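Work through the exercises below with the sequence and the model at hand. Try each task before reading its solution.

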Amino acid sequence: MKNDQIFKTHIDSIKEEGRYRSFAQLERLCGDFPKALYHAPDGSSKEVTIWCSNDYLGMGQNPVVLNAMRDAVQKYGAGAGGTRNISGTQKLHGDLEESLADLHQKEAALVFSSGYVANEGALSTILKIMGPETIVFSDALNHASMIHGIKSSGVQKRIYAHNDLADLKSHLRAAPVNAPKLIAFESVYSMEGDIAPIEDICDLADQYGAFTYLDEVHAVGLYGPRGGGVAEERDLLDRIDIFEGTFGKAYGLMGGFITGSEAIIDCVRSSAPGFIFTTALPPAVLAGALASVEYLKTSSDERNTAHANAKILKAGLDTAGLPFLQGESHIVPLIVGDAVCCKTVTDLLLNEYDLYVQPINYPTVPRGTERLRLTATATHTKKDIDHLVDILSLLYEEHRVFEFMERA
Ligand code: PLP
């Protein structure tokens, strides 16, 4: 007789720590984002404002994207019908990959079913092909998908302190001169809201002969004159060997991609299990992604509004004296520092003030650094932002529910 008590005990321990994950059930209201209909566990529903979405530019409801998707469903039907290798590759894949290669001024690009799969597949394959002597230098706060890819490659890794050039340099200096090397890092760190010193990292990479692998998941679409990301904004596209990105954030859809040289992309295409052994993205998603990428190459309105809104939010929180992490990016992390307290704050926001912010707990962030991760999108109004700041100030001043923040 099988007994699942071990699983129940595990869940009980997660609940005791206050980091049990409950998912808010939402109906995003197309045309009305960031508003959504929230369905409460008691069966009731109400309209809420979302404050933690990665649809930074509202492209998930952009008519250009929606029309492209509708047309694709009409023309090509629902699914791709197979893996990329066996009948799943659509002409749209080719068009999208061409558009992405152009975005990053690279020879080639490859589309995956998600950003997670892209990082896992690309890093594990590239590092394996570089050989067993390879050393990968990885920022301490890199995303789980990069860590997964590095782990499955089996090569040696050196973790350098987050965005710490001196630590990265000391690891590079200590490594054998002839060992193949790759530095894996992100541009925008989505839980910290800060941005990597990309140019300095590239200088070190040149000095020590290392390849550069940059995750621009939270930056593509949103930074750079054509939405290429922070490297494009800083005129560094040619300093990065492999870019990784997603359609799941600023592009408003789902799916991931890498861009790089013909040879590197061909190796990943030929060997990465996460690319080969899975059904290709459906035509409607490909068409929507292509429309979104192309649209954001020429329209900067959404980008400008999103960045302006992030500035207004930060200024409001500053004035209210709320201690948020002062990063350069559009993401605003408000450290609470305790899992139970974090959940109390977000429950209050949702139940009493119709504001939806998901608490961010371990293992997404280290214990003791639990936080609210606020994102002001291009679709929030000044009124929305002022209202959020007022409510957060009220909770901070009156309920003192942020008492842990002083310790953070
Ligand atoms: N890389 C980073 C830095 C991320 O934050 C995420 C997801 O949040 C991913 C990769 C994975 O992207 P996707 O959501 O498209 O799987």
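Predicted model: local features only at pLDDT ≥ 70, side-chain atom pairs only at ≥ 80, totals over all residues.

Residues are numbered from 1 along each chain as its sequence is written, and side-chain values use heavy atoms, with hydrogens and water left out.

**Exercise 1. The ligand**

Find the residues around the ligand and sort them by class.

Step two is to sort them. Ala, Val, Leu, Ile, Met, Phe, Trp, Tyr, Cys and Pro count as nonpolar, Asp, Glu, Lys and Arg as charged, and the others, Gly among them, as polar. The shell then has seven polar, three charged and two nonpolar residues.

Helices (H or I, at least four residues) and strands (E, at least two) are DSSP runs, numbered from the N terminus. Helix α5 (residues 115-130) supplies the largest share of the shell, three residues.

Step four is to look at distances to polar side-chain atoms. Asp-215 has a polar side-chain atom 2.6 Å from a nitrogen atom of the ligand. For an oxygen atom of the ligand, the distance to a side-chain N or O atom is 2.7 Å at His-218 and 2.6 Å at Thr-246. The ligand taken alone exposes 390 Å², of which the protein buries 82%; these areas come from the Shrake-Rupley method with a 1.4 Å probe.

**Exercise 2. The largest cavity**

What is the volume of the largest cavity, and which residues line it?

Solution. Start from the rule: on a 1 Å grid over the protein atoms alone, a cavity is a set of points where a 1.4 Å probe fits but cannot get out, and lining residues have an atom within 4 Å of a point. A volume is the space filled by probe spheres set on the points, which are joined across faces, edges and corners.

The count is one cavity of 30 Å³ or more. The volume of the largest cavity is about 80 Å³. Its lining includes Arg-84, His-93, Phe-112 and Gly-274. At least two lining residues come from each of β4 (108-112) and α11 (273-276). By class, the lining has five nonpolar, five polar and one charged.

**Exercise 3. The backbone**

Which peptide bond at Pro-34 and which at Pro-363 is cis?

Solution. At Pro-34, the cis bond joins Phe-33 and Pro-34, with omega about 20°. Pro-34 sits in the loop between β1 (25-28) and β2 (35-39). At Pro-363, the cis bond runs from Tyr-362 to Pro-363, with omega near 5°. The loop between β13 (359-360) and β14 (371-375) holds Pro-363.

Notes. Polar contact = N/O pair within 3.5 Å; in protein donor to acceptor, adjacent residues only side chain to side chain. 1 Å grid on protein atoms, 1.4 Å probe; cavity = no way out; pocket = protein on both sides within 12 Å on 5 of 7 lines; lining within 4 Å.
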